[in-house]
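Hi,

Here is the model I promised to pass on.

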Amino acid sequence: MWDVAFVTKGPRGPCTAIRDAWAATLHRVSEERRLHDDVRAAWDELAGFWDQRMQAGATWQRHLIQPSVERLLGLEQGERVLEIACGNGEFARRMSELGGQVLAVDFSEGMLERARAHGGDVEYRYADAMDEEALLALGDPASFDAVVTNMAIMDMESIEPMAAASSRLLKPRGRFVFSTLHPAFNSGDVRPTVELDLEGGITEVYSVKVSSYGRPSTGKGVAIPGQPVEQWYFHRPLWMILKPFFDQGFALDGLEEPLEGSEHGEPGTPDYVYTQLPGVLVARMRQTI
């Protein structure tokens, strides 16, 4: 076999990491590092670029991520939904179209400005996902039917405050739905790979090379080629993503690992790996206490 390794992804893949920037940490991801202002500043600067690319359909959001999130959310007419880390508001507007009463928050004023500019029947507020008290101030206890965070967990230094606040804001049996880069196949130190098998003809074999999966790590990377600055990524193995919610009395009761359709990738490119391996994980947690 010939092993042809790619270290970048195409324009639809959500994470092109700078591999030598990853730094392992021993405990919860990056809580001891004072990166929060840098994380926010990057998203403020990326807001315009990100909004334009999402509006152009140049990300995985509409065709890959959103259908799975909608299925697991199962939004019913009139339900009250809180979206944490709403970005440019694309999914908040979609939930409003589906009949939800949506409160959407973000910690980037640049992103909120873009979200509000699109209009729609959504209430937008500033709130930081790492500030438990600020999240609790968004509503009375047990006042939301659902909480959603869409492709943002990998951008957060800590997810414990969000899990704790969600457990109090949600109604009994309320659900928390999230999507994130797949922690096993598209996060941390991962290299999409194409191998050419020459035995009996040329066959392309797609895989990812994964190392250091089990250790949380922090690094900068590029989500969409051409973006003006890199953003921070916070890799967690799956158990570290789920544990803060288990600790708050949530149970996992829905899971999808959507695959790219072949029409969205070109054979022989890194993008095409994710027609066979999931680049995204979508899950639903439900309160049990």
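I call a residue buried if its relative accessible area is under 20%, exposed if it is over 50%, and partly exposed in between (1.4 Å probe, protein chains only). By that rule, 58% of the 289 residues of the chain count as buried.

Before you dig in: this is a predicted model, where local features need pLDDT of at least 70, side-chain atom pairs count only at pLDDT 80 or more, and totals for chains, interfaces and linings use all residues. Residues are numbered from 1 along each chain as its sequence is written, and side-chain values use heavy atoms, with hydrogens and water left out.

Now the aromatics. Rings of Phe, Tyr and Trp (its six-membered ring) pair if their centres lie within 6.5 Å; planes under 30 degrees apart are stacked, over 60 edge-to-face, and the rest tilted. The structure has 8 such pairs. In one of them, F176 and F178 have ring centres 6.3 Å apart and planes at 50°, so this pair is tilted. F176 is buried, with a relative accessible area of 0%, and F178 is buried with 0% too.

F176 also pairs with F245: the centres are 4.7 Å apart and the planes at 45°, so that pair is tilted. Since F176 lies in strand β8 (residues 170-181) and F245 in helix α7 (residues 238-247), the pair ties together parts 69 residues apart in sequence. (Helices, H or I with at least four residues, and strands, E with at least two, are DSSP runs numbered from the N terminus.) Together, F176, F178, F245 and F250 form one aromatic cluster.

Cheers
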